Amino acid sequence: MASLRLDPDSEKRLARAARKSGLSKSEFMRRCLKEKTEEVLAEKRDASAIWAEIDAIDAGEIPNVSGTDWGEVLLAKHEADMKDFLEALENAHTP
């Protein structure tokens, strides 16, 4: 069980929104929490989805993926390129 402290203005807004929705304040908060957590957790994709986007960029295609964090994709691409570069450099100096 969790508890939540609200400032007076948030408490009033919660009460109005819950009343307008025909829900108790607790049920309203549960539904809001469920909706928001599902939204946030859905934004986290596994590494294979990010690599698929990187492969598409390598192929010269920019996939039209809603919600894509291109900063994350480009950073992963850069890290992969740097890893390949460092491995090649290491192999070039290995007798």
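From the N terminus on, the elements of the protein chain follow the order α-α-α-α. The count is four helices and zero strands, where helices (H or I, at least four residues) and strands (E, at least two) are DSSP runs numbered from the N terminus. This is a predicted model, in which local features need pLDDT of at least 70 and side-chain atom pairs count only at pLDDT 80 or more, while totals for chains, interfaces and linings use all residues. Residues are numbered from 1 along each chain as its sequence is written, and side-chain values use heavy atoms, with hydrogens and water left out.

Of the 95 residues of the protein chain, 13% are buried; buried means under 20% relative accessible area, exposed over 50%, and partly exposed in between (1.4 Å probe, protein chains only). The chain exposes about 8100 Å², of which carbon and sulfur atoms supply 56%; accessible areas come from the Shrake-Rupley method with a 1.4 Å probe, and for residues only the protein chains shown count as cover. Among contacts (heavy atoms within 4.5 Å) with a separation of 6 or more, 17% are between residues 24 or more positions apart.

How many salt bridges does a search of the whole structure find? There are three, a salt bridge being a side-chain nitrogen of Lys or Arg within 4 Å of a carboxyl oxygen of Asp or Glu. One of them pairs Lys 25 with Glu 11, at 2.6 Å from N to O. Lys 25 belongs to helix α2 (residues 25–43) and Glu 11 to helix α1 (residues 8–21), so this pair ties together parts that are 14 residues apart in sequence. Both side chains belong to partly exposed residues, with relative accessibility of 37% for Lys 25 and 31% for Glu 11.

Within helix α2, Glu 27 and Arg 30 are three residues apart, about one turn of the helix, and form a salt bridge with their closest N and O atoms 3.1 Å apart. Glu 27 is partly exposed, at 23%. Arg 31 also meets Glu 27 in a salt bridge, at 2.9 Å from N to O. Arg 31 and Glu 27 are four residues apart in helix α2, and therefore separated by about one helical turn. Through shared partners, salt bridges join Glu 27, Arg 30 and Arg 31 into one network.

A patch of positive charge on the surface gathers Lys 12, Arg 13, Arg 16 and Arg 19. Patches are made of residues with over 30% relative accessible area and no salt bridge, like charges being joined within 9 Å and nonpolar side chains (Val, Leu, Ile, Met, Phe, Trp, Tyr) within 5 Å. Lys and Arg count as positive and Asp and Glu as negative, with His and the chain ends not counted; the place of a charge is taken as NZ of Lys, CZ of Arg, CG of Asp or CD of Glu.
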